[in-house]
Amino acid sequence: GYQVPRVSYQQAEHGREVSMDELQVGDILYFGNSRVSHTAIYAGNNTMLHAPRPDQFIEIRDIGWHVNNFEIVGARRYLD
């Protein structure tokens with residue numbers, strides 16, 4: 001029942017902003033360099049679920065792995 005924009009940079013403007021210290025399972029992480037270009041779902045224990053490319057399976061990765069490639073722009077909570 002939630003309306004979520006399709007593209008990542010618009011998604012990053014919705015929901016409630018949360019700090020990295022407040023992350024809960026299900027929060028959405030936003031990554032990018034100059035603007036948001038990738039999203040992931042926080043899975044707990046400093047891990048995330050993400051789809052690297054359309055032709056690849058969803059992966060569970062340590063957040064630190066992705067930080068080597070992109071800056072964490074922020075996190076949002078859609079469900080409270």
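The dialogue below goes through the terms one at a time.

Mentor: Please note that this is a predicted model, in which local features need pLDDT of at least 70 and side-chain atom pairs count only at pLDDT 80 or more, while totals for chains, interfaces and linings use all residues. Residues are numbered from 1 along each chain as its sequence is written, and side-chain values use heavy atoms, with hydrogens and water left out.

Trainee: How many helices and strands are there in the protein chain?

Mentor: There are 2 helices and 6 strands, where helices (H or I, at least four residues) and strands (E, at least two) are DSSP runs numbered from the N terminus. From that terminus on, the order of the elements is α-β-β-β-β-β-α-β.

Trainee: What radius of gyration would a compact globule with 80 residues have, and what does the protein chain have?

Mentor: The globule rule is 2.2 Å times the number of residues to the power 0.38, with the radius taken over C-alpha atoms. For 80 residues a compact globule would have a value near 12 Å, and the protein chain has 12 Å, so the two agree. The C-alpha atoms fill a box of roughly 30 × 25 × 25 Å along the principal axes.

Trainee: Why is Arg77 said to form a salt bridge with Asp27?

Mentor: The term requires a side-chain nitrogen of Lys or Arg within 4 Å of a carboxyl oxygen of Asp or Glu. The closest N and O atoms of Arg77 and Asp27 are 2.8 Å apart, so the pair meets the definition. Arg77 lies in strand E6 (residues 71-77) and Asp27 in the loop between strand E1 (16-18) and strand E2 (28-32), so the bridge ties together parts that are 50 residues apart in sequence.

Trainee: Why do Arg77 and Asp27 count as buried?

Mentor: Buried means under 20% relative accessible area, exposed over 50%, and partly exposed in between (1.4 Å probe, protein chains only). Arg77 has 6% and Asp27 has 2%, so both count as buried. Of the 80 residues of the protein chain, 32% count as buried.

Trainee: How many salt bridges does the rule give?

Mentor: The count comes to 2. Arg61 and Glu59 also meet in a salt bridge, at 3.1 Å from N to O, and Arg61 is partly exposed at 27% relative accessibility.

Trainee: What makes a set of residues a nonpolar core?

Mentor: The set must consist of buried Ala, Val, Leu, Ile, Met, Phe, Trp, Tyr and Cys residues joined through side-chain atoms within 4.5 Å. The largest such core has 9 residues, including Val18, Leu23, Phe31 and Ala75. Strands E2 and E3 (36-44) are the elements that give two or more residues to this core. Apart from it lies another core of 5 residues, among them Ala12 and Tyr30.
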